[in-house]
Amino acid sequence: MVVPKATAKRKPKEQQKGNFKKAKKLQPPPGKQERQSQRKHADIVTDGKRIWNQLRLKSNTKEQQRALVEELMPLVATDKAQEIALQHDGSRLVQSAIQFGNDEERKKIVELLCAPKQESGNSNTIVELSKSQYAHFVVLKIFKYCHDKTSLPLMVTALKGHISKLAVHATASR
C-alpha cells in the first residue's frame with residue numbers, strides 16, 4: 001500500500017531560498033558613479049551622453065537635431081577628440097557628431113582625428129583608432145559619412161603605409 005506524501009504549501013517565489021535576482025535588479029551597481037567620475041574626460045562624456053540620448057531618437061525633427069548637434073560639437077570637436085573616441089561612451093558621442101553634423105563639422109572632426117599625436121611625433125592617430133575596441137566604429141562612421149574633397153585626402157594620407165598591418169588586425173580589419 002502506497003502512502004501519499006503530505007502536501008505542504010509552497011512558499012512564494014520571493015521567499016524561496018536563493019532567489020535574489022529581483023533584489024539585485026532594483027539596486028544600482030555599487031560605486032558606479034564614483035568609478036565613472038574617475039575616468040578621463042568624465043564631465044565631457046557625462047554631458048555628451050545626455051545629448052546623445054536625445055539625438056539618437058528617430059522622432060526628432062531636423063531643427064531639434066541641429067540644436068542638439070550644435071550643443072554636442074563644442075564637447076567633441078576639441079583637441080581631446082582622440083582620447084574621447086577611445087572610450088566606450090565617448091566613442092558614441094564622436095560617432096553621433098559625425099553622423100548628424102554638417103560637412104564643416106565633419107571636416108573639423110576628421111582633421112582632429114587624422115592629425116598625428118603631438119607627444120609621439122610620428123604616431124598616426126587614425127591607425128590607433130582603427131585598432132581600438134570602441135574607436136574603430138568612429139573610423140567606420142568617417143568612411144561612411146565624410147566624402148568631401150578635403151576629408152578624403154586626409155584619411156588616405158593618414159592610412160598610407162599601414163593598410164597591410166590593419167588588414168590582418170583583429171579589430172582594424174572590420
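**View 1. Helix 3 and helix 4 pack with their axes within 10 Å of each other.** In this predicted model, the axes of helix 3 (residues 42–55) and helix 4 (residues 62–76) cross at roughly 165 degrees, where axes are lines fitted to C-alpha atoms over the stretch in contact and angles run from 0 to 180 degrees between N-to-C directions. Helix 3 is therefore roughly antiparallel to helix 4, a term for angles over 145 degrees. Helices are DSSP runs (H or I, at least four residues) numbered from the N terminus. Residues are numbered from 1 along each chain as its sequence is written, local features need pLDDT of at least 70, side-chain atom pairs count only at pLDDT 80 or more, totals for chains, interfaces and linings use all residues, and side-chain values use heavy atoms, with hydrogens and water left out.

**View 2. The largest nonpolar core has 35 residues.** Such a core is a set of buried Ala, Val, Leu, Ile, Met, Phe, Trp, Tyr and Cys residues joined through side-chain atoms within 4.5 Å, buried meaning under 20% relative accessible area with a 1.4 Å probe, protein chains only. Helix 4 gives the largest share of this core, 6 residues. Val-94 is among the residues with the most contacts inside the core, and, leaving aside neighbours within four places in sequence, Val-94 is in contact (heavy atoms within 4.5 Å) with residues including Ile-109, Leu-113 and Val-138.

**View 3. Helix 9 (residues 136–145) has buried residues.** These are His-136, Val-138, Val-139, Lys-141 and Ile-142, and what covers them includes helix 5 (81–85), helix 6 (88–100), helix 7 (103–114), helix 8 (125–131) and helix 10 (151–159).

Notes
Buried < 20%, exposed > 50% of the residue type's maximum accessible area, 1.4 Å probe, protein only. Helix = DSSP H or I, 4+ residues; strand = E, 2+ residues; numbered from the N terminus. Parallel < 35°, antiparallel > 145°, perpendicular 65-115°, else oblique.
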